[in-house]
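Work through the exercises below with the model open. Try each task before reading its solution.

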Amino acid sequence: MDFAFTNEQELLRNAVRELSEQYIAPRVNEMEETDQVPLDLLKHMAAQGFLGVTVPPDLGGTGLGHVARMIMLEEVARVSPALSMSLQCLHFGVAAIAESGNQKLIDQYIKPLLQGEIFAAAGITEASGGSDPSAGTTTALEKDNGFILNGRKVFITNSHISDTAMIVAKTADEPKKEFTAFWVDKKYGGFRPGRAEKKIGFHGCVTGELILEDCFVPAENILGARGQGLAYALKGISDYGRTGIVGVALGIMQACLEKAIKFAGERVLYGKPISNLPSIHFKIAEMHADLAASRLLAYQACWLLDNKQRADLAIATAKFYCTEAALRVSRKAMDIMGGYGCMVEYGVERYLRDAQLLVPADGTNDIMRVVVGKTLTAPPKKK
Ligand SMILES: Cc1cc2nc3c(=O)[nH]c(=O)nc-3n(C[C@H](O)[C@H](O)[C@H](O)COP(=O)(O)OP(=O)(O)OC[C@H]3O[C@@H](n4cnc5c(N)ncnc54)[C@H](O)[C@@H]3O)c2cc1C
């Protein structure tokens, strides 16, 4: 067993931390106040190779893998969970092409996606219920060597900045219910963002509707095989969405722990810094334990992905544990800071608001418990 990061991974962490502090930190207040996506920052990260971290070098990525991606998301989220959320969803869009696109789609899209010339969203959820994607009503009817898509996706990250998207739609109704994943592009028409949601957190990361109105998609834009859309989307949600959420949670915890320790060292009560109080020690110890346990779950899940082993159980476990830990840790940071913790200027309340959004995103934590519970109680498979 080896718990050490490689030199390459340590260098990556330092580089992403430096970039986050130099370029992202000065923009956080503006993101909070305007709720506008800092496109220039996303493009800057793309230019640094951030979007291709799991894409093999022969396709133009860096191929550093999922552990490296977790490091990257954690470091960006330490400064801006919102930007890390945008970034992790963009990885999902890139993976749709890199892992399930045919050669023509790869030739056409991978370079502009990796360079941040265009962005891609992942559109699965509908108003009929994110926990039950098979209730989705978006249709794809075959016509003229392609498909005509109609429907409305909700709660889609990067909805209003994406030129393209992976969209899951129904290609056959009852009794043979069938879902297929399509690569949709604005250039074909009939694909546009709808309303942008106002959220409690993740300001500067847009979440909204994607509307498909007689949207033409060429037959060659099917991702993976016809009829495999839900299976494919669920794998992408697990490998990229849930792990991405976990990366954001780690960054939130790291930031809150650092801020709480700094505040406790500076805040003087009864003539001494409050870092001398046992009750502060207890909270800091619990925050540390939550972060340390979360990191083990998170990086183990990514290690499984990098080593091509089954990871869905580890990812679902990490998703609910780490996001709930992020809520506990951000709440404790606020408590340590007394009244100051509730003041926007002190920069911790934002982490708690962002942490709450991690609970439903990419499958609610109830659904994670269902996945874990069902897997562990399933009868053993016969050999
Ligand atoms: C910030 C954010 C970003 C998102 N980004 C995207 C995106 O990019 N693309 C995308 O497609 N979607 C995205 N989503 C949607 C997200 O995946 C859904 O919100 C999520 O799957 C839950 O669906 P729902 O909101 O419809 O809740 P529902 O499915 O209606 O769930 C309601 C309640 O019922 C519970 N529940 C449901 N089924 C069960 C069960 N079997 N057992 C126990 N409890 C159950 C849930 O846990 C929840 O408490 C995003 C959501 C958020 C908040």
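**Exercise 1: a helix crossing**

The crossing of H9 and H11 is left-handed. The model is predicted. Describe how H9 and H11 pack, starting from their axes.

Solution. 
- Step 1. Locate the helices: H9 covers residues 312–336 and H11 covers residues 365–377.
- Step 2. Take the geometry. The two axes come within 9 Å and cross at roughly 140°. That angle makes H9 oblique to H11, since roughly antiparallel requires an angle over 145 degrees.
- Step 3. List the contacts. H9 contributes Leu313, Ala316, Thr317, Lys319, Phe320, Thr323 and Glu324. They meet Asn365, Met368, Arg369, Val371, Val372, Thr375 and Leu376 of H11.
- Step 4. Sort them by class. The contact of H9 with H11 has 7 nonpolar, 4 polar and 3 charged residues.

**Exercise 2: positive phi**

Where do Asp35 and Asn145 lie, and how exposed are Asp35 and Asn145?

Solution. 
- Step 1. Asp35 is not a glycine, yet its phi is positive, about 60°. Asp35 sits in the loop between helix H2 (28–34) and helix H3 (39–47).
- Step 2. The relative accessibility of Asp35 is 27%, so it counts as partly exposed.
- Step 3. Asn145, also not a glycine, has a positive phi of about 55°. Its loop joins strand E2 (139–143) and strand E3 (146–157).
- Step 4. Asn145 is exposed, because its relative accessible area is 68% and the cut-off is over 50%.

**Exercise 3: the nonpolar cores**

Which residues have the most contacts inside the largest nonpolar core?

Solution. 
- Step 1. This core has 100 residues. Those with the most contacts inside it are Met45, Ile97, Met166, Trp183, Leu223 and Met253.
- Step 2. Helix H7 (residues 229–266) gives the most to this core, with 18 residues.
- Step 3. Inspect Leu223. Beyond four places in sequence, its contacts include Ile97, Met166, Trp183 and Tyr232.
- Step 4. Look for a separate core. A second one has 16 residues, among them Ala121, Phe147, Leu210 and Cys215.

Note on methods. Residues are numbered from 1 along each chain as its sequence is written. This is a predicted model: local features need pLDDT of at least 70, side-chain atom pairs count only at pLDDT 80 or more; totals for chains, interfaces and linings use all residues. Side-chain values use heavy atoms; hydrogens and water are left out. Axes are lines fitted to C-alpha atoms, for helices over the stretch in contact, and angles run from 0 to 180 degrees between N-to-C directions. Helices (H or I, at least four residues) and strands (E, at least two) are DSSP runs, numbered from the N terminus. Angles under 35 degrees count as roughly parallel, over 145 as roughly antiparallel, 65 to 115 as roughly perpendicular and the rest as oblique. A crossing is left-handed if the near helix is turned anticlockwise from the far one by less than a right angle, and right-handed if clockwise. Contact means heavy atoms within 4.5 Å. Ala, Val, Leu, Ile, Met, Phe, Trp, Tyr, Cys and Pro count as nonpolar, Asp, Glu, Lys and Arg as charged, and the others, Gly among them, as polar. Buried means under 20% relative accessible area, exposed over 50%, partly exposed in between (1.4 Å probe, protein chains only). A nonpolar core is a set of buried Ala, Val, Leu, Ile, Met, Phe, Trp, Tyr and Cys residues joined through side-chain atoms within 4.5 Å.
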